[in-house]
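Subject: Model handover

Hello,

Here is the model we discussed. Please look it over, then read the notes below.

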Amino acid sequence: MILDKLLLISVVFAALWTVMTRSLLKAALGLAVTSALIAVILFRLDSPLAGVFELSVCAGLITAVFVSAISLMKPLTHKETIALSRARIKKYWPLPIIISAVILIFSASTVPTSIRVLPEAMEQNVQNVLWNSRSLDLFGQIVIVLAGVFGTVILFRESNKKP
Amino acid sequence: MIALIIVLFVAGLYCILVTRNLMRVLIGLELLTKAVTLLLIVAGYATGRQALAQAIVITLIMIEVVVIAVMAGVILSIFRHTGSLDASNVKNLKG
């Protein structure tokens, strides 16, 4: 129970850090930490496969994409950084207050367990659902991955035009 | 748990609404997706349909990765073209 509460508090702080930090690189790392903590929560909610995907893909692959994209961009000068950080404080000061209000309002609400029956649904495992019930999803996933691959190839392709 | 989902959603939405930096918009979108992932798993846990919830979450993560990769490419192209990540620079799109 204490571990669960610690996890929830850590996710809130990691999400706040991600949104409020000045550096883009630190924001990307904060996002990776948020993903890793969410993966632990998914493990604790009896969803190990989703947890593994969250940990490997979201905390790993997406962070690598973010860091690569950020490293290809020009860093800000010291003057620009100071000017931006002043503007950021003005923009982001209401966020901790809003989040505290949300936690105060919704902290009492719990997940309803009265609807938790359906033994025939519980017997199914993920492999059965994914390959039998949701097989059309797999077709969609293949199409989306191919679209992503071709889109990325086109976007990152070097221009052949001579200056 | 519901409070955490709402906190993640609010943080992501705030990030998207307040900033003009395209990379931060993408990070906000990612936080919104995290909230949806957690919501799906919690709903699956509450109804006893973890298998279905996990199958849907796997599909969601695949879509998320592709969206992030393509959007990162688009943002990089915008940066090379305009020299900035400010969203106001791409207001005037010309065909």
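In this predicted model, 66 residues of chain A are in contact with 52 residues of chain B (contact: C-beta atoms, placed from the backbone, within 7 Å). Helix 3 of chain A supplies the largest share of chain A's side, 11 residues. (Helices are DSSP runs of H or I, at least four residues, numbered from the N terminus.) That side divides into 47 nonpolar, 13 polar and 6 charged residues. Nonpolar here means Ala, Val, Leu, Ile, Met, Phe, Trp, Tyr, Cys and Pro; charged means Asp, Glu, Lys and Arg; the others, Gly among them, are polar.

On numbering, residues count from 1 along each chain as written, with chains lettered from A and ligands numbered from 1 in written order. On confidence, local features need pLDDT of at least 70 and side-chain atom pairs 80 or more, while totals for chains, interfaces and linings use all residues.

Now the core. The largest nonpolar core has 61 residues. Such a core is a set of buried Ala, Val, Leu, Ile, Met, Phe, Trp, Tyr and Cys residues joined through C-beta atoms within 7 Å; buried means 20 or more other C-beta atoms within 10 Å of a residue's own. Helix 3 of chain B gives the most to this core, 15 residues.

A:Ala15 is among the members that touch the most others. Beyond four places in sequence, A:Ala15 is in contact with A:Thr34, B:Val7, B:Leu8, B:Ala11 and B:Leu31. A:Ala15 is also one of the buried residues of helix 1 of chain A.

Regards

Note on methods: Two residues are in contact if their C-beta atoms, placed from the backbone, lie within 7 Å. Helices (H or I, at least four residues) and strands (E, at least two) are DSSP runs, numbered from the N terminus. A residue is buried if 20 or more other C-beta atoms lie within 10 Å of its own, exposed if 12 or fewer, and partly exposed in between; C-beta atoms are placed from the backbone.
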